[in-house]
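Student: Could you walk me through this one, starting with the aromatic residues and then zooming out?

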Amino acid sequence: QVQLVESGGGLVQAGGSLRLSCAASRSIFRFATMGWYRQAPGNQRELVASITRSDSTDYADSVKGRFTISRDNAKNTIYLQVNSLKPEDTAVYYCNTVPIRIDWGQGTQVTVSS
């Protein structure tokens, strides 16, 4: 069973940046589209960014131009660079395949203060 471990979250002021990381316990990235999801309190989990095995990317409209997803297959890791953060970006961020095929990790909390 593949395990996913997210890290890199924190408390930042509006306009700040973070780099989130997601490490997989074994190689799956060469065979899967990977994505970053987030869940804010009271909201459903949503997909915010995805990257295919050929490095094509896609973003939710709410984060387009501010977030950048990337992957390092050699390290079994995907990243999410989050810039120009807004209070509404506050959420727990998770990675998984697209569509979802792996048990969720613990996520990493991003809190943006105004």
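## Aromatic pairs and their surroundings

Student: How many aromatic pairs are there by the ring-centre rule?

Tutor: Keep in mind that we're looking at a predicted model. Two rings pair up if their centres lie within 6.5 Å. By this rule, the number of aromatic pairs is 2.

Student: Take Y37 and W104: is that pair stacked or edge-to-face?

Tutor: The ring centres of Y37 and W104 are 5.1 Å apart, and the planes sit at 90°. Planes over 60 degrees apart fall in one class. So Y37 and W104 are edge-to-face.

Student: How many residues apart are Y37 and W104 in the chain?

Tutor: Y37 is in strand β4, residues 34-39. W104 is in the loop between β9 (91-97) and β10 (108-113). The pair links distant parts of the chain, and the separation is 67 residues.

Student: And W104, is that one buried or partly exposed?

Tutor: Buried needs a relative accessible area under 20%, and exposed needs over 50%. W104 has 32%, so W104 is partly exposed.

Student: Which class does the pair of Y94 and W104 fall in, stacked or edge-to-face?

Tutor: Y94 and W104 have ring centres 5.6 Å apart. Their planes are at 70°, so this pair is edge-to-face.

Student: Where does Y94 sit?

Tutor: W104 is in the loop between β9 and β10, and Y94 is 10 residues away from W104. Y94 is buried, with a relative accessible area of 10%. As for its place in the chain, Y94 is in strand β9.

Student: Which ring does the charged end of R19 sit over?

Tutor: The charged end of R19 is 4.0 Å from the centre of the ring in question. That ring belongs to Y79.

Student: Switching to threonines, which backbone oxygen does the T77 side chain reach?

Tutor: T77 is found in strand β8, residues 77-82, and is buried at 9% relative accessible area. Among the residues T77 touches are S21, C22 and F29. Its side chain reaches, at 2.8 Å, the backbone oxygen of K75.

Student: And which backbone nitrogen does the T108 side chain reach?

Tutor: T108 lies in strand β10 and counts as buried at 7% relative accessibility. Its contacts include E6, L20 and Y93. At 2.8 Å, the T108 side chain reaches the backbone nitrogen of G9.

Student: Zooming out, how many helices and strands does the protein have?

Tutor: Read along the sequence, the pattern is β-β-β-β-β-β-β-β-β-β. That gives 0 helices and 10 strands.

Student: What is the radius of gyration of the protein?

Tutor: The globule rule gives 13 Å for 114 residues. The protein comes out close to that, so it is as compact as a globular protein of that length, with a radius of gyration of 13 Å.

Note on methods:
Residues numbered from 1 in each chain as written. Predicted model: local features only at pLDDT ≥ 70, side-chain atom pairs only at ≥ 80, totals over all residues. Heavy atoms only, no water. Phe/Tyr/Trp six-rings, centres within 6.5 Å; stacked < 30°, edge-to-face > 60°. Helix = DSSP H or I, 4+ residues; strand = E, 2+ residues; numbered from the N terminus. Buried < 20%, exposed > 50% of the residue type's maximum accessible area, 1.4 Å probe, protein only. Lys NZ or Arg CZ within 6 Å of the ring centre and 35° of its normal. Polar contact = N/O pair within 3.5 Å; in protein donor to acceptor, adjacent residues only side chain to side chain. Contact = heavy atoms within 4.5 Å. Rg over C-alpha atoms; globule rule 2.2 N^0.38 Å. Lists of a residue's contacts leave out its neighbours within four places in sequence.
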